[in-house]
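This briefing covers surface, helix packing, backbone geometry and salt bridges. Please keep the structure open while reading.

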Amino acid sequence: MVEIDFNKENEEDYSDPADFVDDVTDDVLVPDVLYKKPTIDEFEDNIVFIAGIPIVGADRIGRLQSVLKKVLEKLEPGVKLFIPPSPEGGSLGVLLTEWPDSRSAAFAVKSLDGYSFDKNHTFTARFFTDMKKLEAPSDAWTTPVKSEYSDVGDLWWWLQNERCRDQFAISHDKLGVPTVGVFTNMKGNDPELAGDPEKAERANWTETVFTWSPHGSYLSTIHKRGIILWGGRDFARAHRFAHDNVQYIDFSPCETYLVTYAAPEENNSWGDYEKDSLRVWDVRTGELKKAYSTFELTGRTQLPTWPFFKWSIDEKYFACLKAPEKDKLEREKKIDGISIFESETFELVDKRAVTIENIKHFDWSPTAPILAYYSECTDAVPAEFGLLQVPSMQRLRSARVHNVADAQMFWQKSGKRLAFYTMRYKKKEFRETGEVKYVGGCQYHVDIFEIDKKDVSLMNLPLAEPFIHFDWDPEGDKFCVLVGNTAKATPQVYKIEANSHAPKLVSKLDAGVHFNEVQFAPKGGWLAVLAKVSAGGNVYFIDTSLAEAKRTNVIEHPLFNKGYWDPTGRYFVTCSTLGGRAGADLGYRIFTFQGRELCRKNLDRLAQFKWRPRPPVKLSEQKQNEIRKNLKKTAAKFVKQDDDEKCRASQEVVEKRRKIMAAFDVIRNRNRECLENTRHLRIALRNGVDTEAQLDEDEFVDEEITIALSTSKTAAPLSEEDERD
């Protein structure tokens, strides 16, 4: 055995020289495990900032820390806390806490926010990441100046029209200038400007588009520097909201809030400078209530949809889809939740989003704080349709369906029912291009949730043909499904009967070509079936109030691309606007609810047509029933007013003609007098011949001239010589 002597003096030195610089990055050295490297963000999610703790001196800081630790350890034994010291060594009234994970931190924020530590101290708890978003006030900040109240007059003056006439606004080119005008719909006559012509119609009133507020109180216009709301009889400026380069606007259901959006000017500024691209304003005061970053809310550099926020009918909550999270490899996952905010605080309900895996769409009930949602299916998980009660976040009812390729949801205006359309496939394959091919055909179903029934009952309606469109009777128990294809589409009217497990088919109406939409009138009963952007441009008007639905009329408006009921359901308009099919004659046509044409207008570059909305009816149910009971008497009154107006219109025409004739007689008599005064001069110029003298009838000679009215050829008789020849 040989013994080796390790001599330290002979060892090689492997240490780096003093001037050595390591230029090998971790991305090159350990790329396979780099994703495991901890980041500061992981720890920040676990930290909670607490304000409102007692302010004590250095001699009592230890006692305060022990008391605070006892309180916090009731929530989580592993919590760590740090009290930032003052220059004297005491407390500053704030506390930083570190929790084992983000879930524990979220529970701590929910539990400690508003916690009464003692009689004089109440905690305010926030995530540390939220505190980092706070910015210092600008050095140029000054106390806001109290603005003068702008009285624009009665915002609901147009609702006091004795004939209950509705208004609408249009945007088109007039003499080559973009013009917006507000008109009153006159049955049987051309629409009239709603008020002073110089105020109800203005050139360059908006730089892009206009829109009405949900109750029709304001007309909003978009400008480079912001939004302006106009109201009152003279359409005076009511409010102005400063937001440079604003692109989209949206109102909350009761007109309390206005949401505006402007994208950053530079594409690479997302997440850095667009902290306030989405703003929420108070309509009545013009105050900016809250500003959001759409990049932080969505995780994308493009706005996914508009309106971005969806509001509950009582405006207490508004919601959007949660931003998709990323895995450890920075790959984007699917959206897995809804962010629901309270309008009072503009903060998330319960300080966190509602988790719903693979959510695709959601929508609020028209009458209650209930959310309907649709989650996409995967190879392992079926699609889910459900109802979520807010703010309790209780799931009222849900249904799961496998192999769903497409889905849509339709709330009934009364909020009593919700319909889900689903297209279900048997098998799918992926082509080389990445497109999906459904093998074995597809099935089409309409599932209906009855919200007003116990435990929210569910019924299913299979469709024999492909689905095109769907609409509810707003208040009744009927709905219409449009099925078929572009070559042949059939409207089918169904009725939901009490104690029935499936809707009953009431009427299968005549099929048509290129039908693509159905619309019930706002008050129900009447239905319009539209063939938009088609050469025929047909619209079926259908009365569904009968035991069997009946088609009353068919109208044609070739290539029209938009159709709307007015708020009362008495009139229907079809429009050909910019952006429709090429070659269409731009303009609009107004019809009665039965399909009789009342007005036709061709307009240059018609861009928009919008009826002025009406606020919801505030009458009691008893008063509404009384009105329905006396409807025949009321109808007779309006018929008499229509007849009187026609007579008055005829009298106005006669009176106008009389005035024109009287003006003509004045001019004619003046010229006759001038002609008579210069008669002797004309006689002298004509050598004494009076060419204007009245002729003597005795000097005329009667002469009769016979004119043949018809002629015919006959052979002349031959003479004797001709006969001999």
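Val24, Val28, Leu29, Val30 and Val33 make a nonpolar surface patch of about 420 Å². Patches are built from residues with over 30% relative accessible area and no salt bridge, joining nonpolar side chains (Val, Leu, Ile, Met, Phe, Trp, Tyr) within 5 Å and like charges within 9 Å. Accessible areas come from the Shrake-Rupley method with a 1.4 Å probe, and for residues only the protein chains shown count as cover. The model is predicted: local features need pLDDT of at least 70, side-chain atom pairs count only at pLDDT 80 or more, and totals for chains, interfaces and linings use all residues. Residues are numbered from 1 along each chain as its sequence is written, and side-chain values use heavy atoms, with hydrogens and water left out.

**Surface near the start of the numbering**

- Val28, one of the patch residues, is found in helix α1 (residues 26-29); helices (H or I, at least four residues) and strands (E, at least two) are DSSP runs numbered from the N terminus.
- Val28 has 64% relative accessibility and therefore counts as exposed; exposed means over 50% relative accessible area, buried under 20%, and partly exposed in between (1.4 Å probe, protein chains only).
- Tyr14 lies in the segment before α1 and counts as exposed at 71% relative accessibility.

**Helix α3**

- Helix α3 (residues 61-73) has 13 residues and should span 18 Å at 1.5 Å a residue, which agrees with the 18 Å between its end C-alpha atoms; the expected span is 1.5 Å times one less than the number of residues.
- Leu64, Leu68, Val71 and Leu72 are the buried residues of α3.
- They cover an arc of only 90 degrees around the axis, so they sit on the same side of α3; the arc is that of the directions from the helix axis to the C-beta atoms.
- Exposed Arg63 and Lys70 are on the face of α3 turned away from its buried side.
- The cover over the buried residues of α3 includes β1 (47-51), β2 (80-82), β3 (94-98), α4 (102-112) and β4 (116-118), where contact means heavy atoms within 4.5 Å.

**Backbone geometry**

- Most residues other than glycine have a negative phi, and most peptide bonds are trans.
- Trp306 and Pro307 are joined by a cis peptide bond with omega about 0 degrees, and Pro307 is in the loop between α7 (294-298) and β19 (310-311).
- The bond from Val390 to Pro391 is cis, with omega near 10 degrees.
- Asn204, not a glycine, has a positive phi of about 55 degrees and counts as exposed at 51% relative accessibility.
- Val456 has a positive phi near 55 degrees but is buried, with a relative accessible area of 7%.

**Salt bridges**

- The count comes to 23 salt bridges, each a side-chain nitrogen of Lys or Arg within 4 Å of a carboxyl oxygen of Asp or Glu.
- Arg417 and Glu450 meet in a salt bridge (3.6 Å, N to O).
- This pair links distant parts of the chain, 33 residues apart, with Arg417 in strand β28 (residues 417-430) and Glu450 in strand β29.
- Arg417 counts as buried at 9% relative accessibility, and Glu450 is buried with a relative accessible area of 4%.
- Arg668 and Asp665 form a salt bridge (2.9 Å, N to O); both lie in helix α9 (residues 631-677), three residues apart, about one turn of the helix.
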